[in-house]
Amino acid sequence: MSPAESSISPAPGPVVSLRHGTYEDAQALFSGTLFVAMALMLFNQAGLLIGSTAGMAFLLHYVTDISFGKLFFVVNLPFYWFAWTRMGREFTLKTFICVALLSLLTELFPHVMQVSYINPLFASLLGGLLLGTGCLFLARHRSSLGGATIVSLYMQNRYGVRAGKVQLAIDCVVLLLALFVVPLERVFYSVLAAVVMGVFLWISHRPGRYVGG
């Protein structure tokens, strides 16, 4: 073999998808859920809403005064069957754990952290980014926070429709229903937060971009 031939490196092979370990899953699921819990705390302080089943739970919370954590856990129960039959056992179990953890964190947050004032515009922007980041963490580790997130991830995996598009459409429908419950200004800022979250996921969560399995 000539020096020229020996200097030629072999063509790179296909990228191997590395499966997440238990510790990696645990830290990602906790971090993602914590980000979402922080966003919900900001929304609650600013009087804003959120889409999906969390939005339904918020609406029921405003109407009934039952704690958000309890309502959020109950509202998600029917979606576990869809997740089990369409997304598999691992995804469903992780989602159940994350929903239970989020319910626990939202009950715990008022005892460990309080925000005396936050501008609703800032709350919608920061909260939307926190929601998008948290949901991205969970999606990349085969989990979700139930409701519309399960449906949006299924639509992306099954039909190639961007999860961010589906999430944004569902969230806006839920938030429009809030017009019957909360003032128009709050609904506007809530829709803005949903747009920030949806666009973030639309850009960041694309099929085939992330190779971790």
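The backbone nitrogen of Gly 146 lies 3.2 Å from a polar atom of the side chain of Ser 144. This is a predicted model, in which local features need pLDDT of at least 70 and side-chain atom pairs count only at pLDDT 80 or more, while totals for chains, interfaces and linings use all residues. Residues are numbered from 1 along each chain as its sequence is written, and side-chain values use heavy atoms, with hydrogens and water left out.

**The chain as a whole**

- The protein chain has 10 helices and zero strands; helices (H or I, at least four residues) and strands (E, at least two) are DSSP runs, numbered from the N terminus.
- Of its 213 residues, 45% count as buried, where buried means under 20% relative accessible area, exposed over 50% and partly exposed in between (1.4 Å probe, protein chains only).
- Among contacts in the protein chain with a separation of 6 or more, 76% are between residues 24 or more positions apart; contact means heavy atoms within 4.5 Å.

**Ser 144**

- Ser 144 sits in the loop between α7 (120-139) and α8 (148-159).
- Ser 144 is buried, because its relative accessible area is 0%.
- The side chain of Ser 144 also makes a polar contact with the side chain of Thr 95, at 3.2 Å.
- A polar contact is a pair of N or O atoms within 3.5 Å; within protein, one must be able to donate a hydrogen and the other to accept it, and residues adjacent in sequence count only if both atoms are side-chain atoms.
- Leaving aside neighbours within four places in sequence, Ser 144 is in contact with Phe 91, Thr 95, Cys 98, Leu 138, Thr 149, Ile 150 and Leu 153.

- Most residues other than glycine have a negative phi.
- Arg 142 is not a glycine, yet has a positive phi of about 50°.
- Arg 142 is in the loop between α7 and α8 and counts as partly exposed, because its relative accessibility is 32%.
- Asp 65 has a phi near 70°, again a positive value in a residue other than glycine.
- Asp 65 is found in the loop between α3 (52-64) and α4 (68-75), and is exposed because its relative accessible area is 66%.

**Helix packing**

- α3 and α4 cross at roughly 135°, and their axes come within 8 Å.
- Axes are lines fitted to C-alpha atoms, for helices over the stretch in contact, and angles run from 0 to 180 degrees between N-to-C directions.
- α3 and α4 are therefore oblique to each other; angles under 35 degrees count as roughly parallel, over 145 as roughly antiparallel, 65 to 115 as roughly perpendicular and the rest as oblique.
- The residues of the contact of α3 with α4 divide into nine nonpolar, three polar and no charged.
- Ala, Val, Leu, Ile, Met, Phe, Trp, Tyr, Cys and Pro count as nonpolar, Asp, Glu, Lys and Arg as charged, and the others, Gly among them, as polar.
- Helix α2 (residues 22-46) packs with α7 at an angle of about 160°, with the axes 8 Å apart, and the two are therefore roughly antiparallel.
- In the contact of α2 with α7, 17 residues are nonpolar, eight are polar and none are charged.

**Leu 168**

- Leu 168 lies in helix α9 (residues 163-177) and is buried, because its relative accessible area is 17%.
- Leu 168 and Leu 201 are 33 residues apart in sequence and 9.3 Å apart in space, C-alpha to C-alpha.
- Apart from neighbours within four places in sequence, Leu 168 is in contact with Ala 194, Val 195 and Gly 198.
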